[in-house]
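Let me put it on the screen and then talk you through it.

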Amino acid sequence: MTGRARKPGFVSRPGNPESWIRAAEMPPNGKAAGEAFTARLTIDITPDLRGRIKVAAFRRGITVADMLRDLLAHEFPSTEGDPT
């Protein structure tokens, strides 16, 4: 009789989420390290809207994060005198 093939076990996530979330090494527009991403924004959206956003980003050939960064930068441009 042949033995069963062993299935791999479950793998737990690291305790620190920052260690398993991929960090951006260099922003796509080539900004210096001082201008790199410094905050994470979390919003609640419906699954339907999330799907539409992902499809739109895929069709444009960019990531959802890059698309939303561009959208937010367009809607909220920096103005002279704003804190950075």
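So, what percentage of the residues in the protein chain is buried? Buried residues make up 5% of the 84, where buried means under 20% relative accessible area, exposed over 50% and partly exposed in between, with a 1.4 Å probe and protein chains only. Caveats: this is a predicted model, so local features need pLDDT of at least 70 and side-chain atom pairs pLDDT 80 or more, while totals for chains, interfaces and linings use all residues. Numbering runs from 1 along each chain as its sequence is written, and side-chain values use heavy atoms, with hydrogens and water left out.

On to the fold: 3 helices, 0 strands, counting DSSP runs (H or I, at least four residues, for helices; E, at least two, for strands), numbered from the N terminus. H2 covers residues 47-60, and just after H2, Gly 61 has a positive phi of about 75°.

Now the salt bridges, meaning a side-chain nitrogen of Lys or Arg within 4 Å of a carboxyl oxygen of Asp or Glu. We get 2 of them. Arg 52 pairs with Asp 48 at 2.4 Å, N to O. Those two sit 4 residues apart in H2, so about one helical turn separates them. Arg 52 is partly exposed at 49%, and Asp 48 counts as exposed at 52%.

The other pair is Arg 69 and Asp 66, with the closest N and O atoms 2.7 Å apart. Here it's 3 residues within helix H3 (residues 64-75), again about one helical turn. Arg 69 is partly exposed at 34%, and Asp 66 is partly exposed at 22%.

Methods. Expected span 1.5 Å × (residues − 1).
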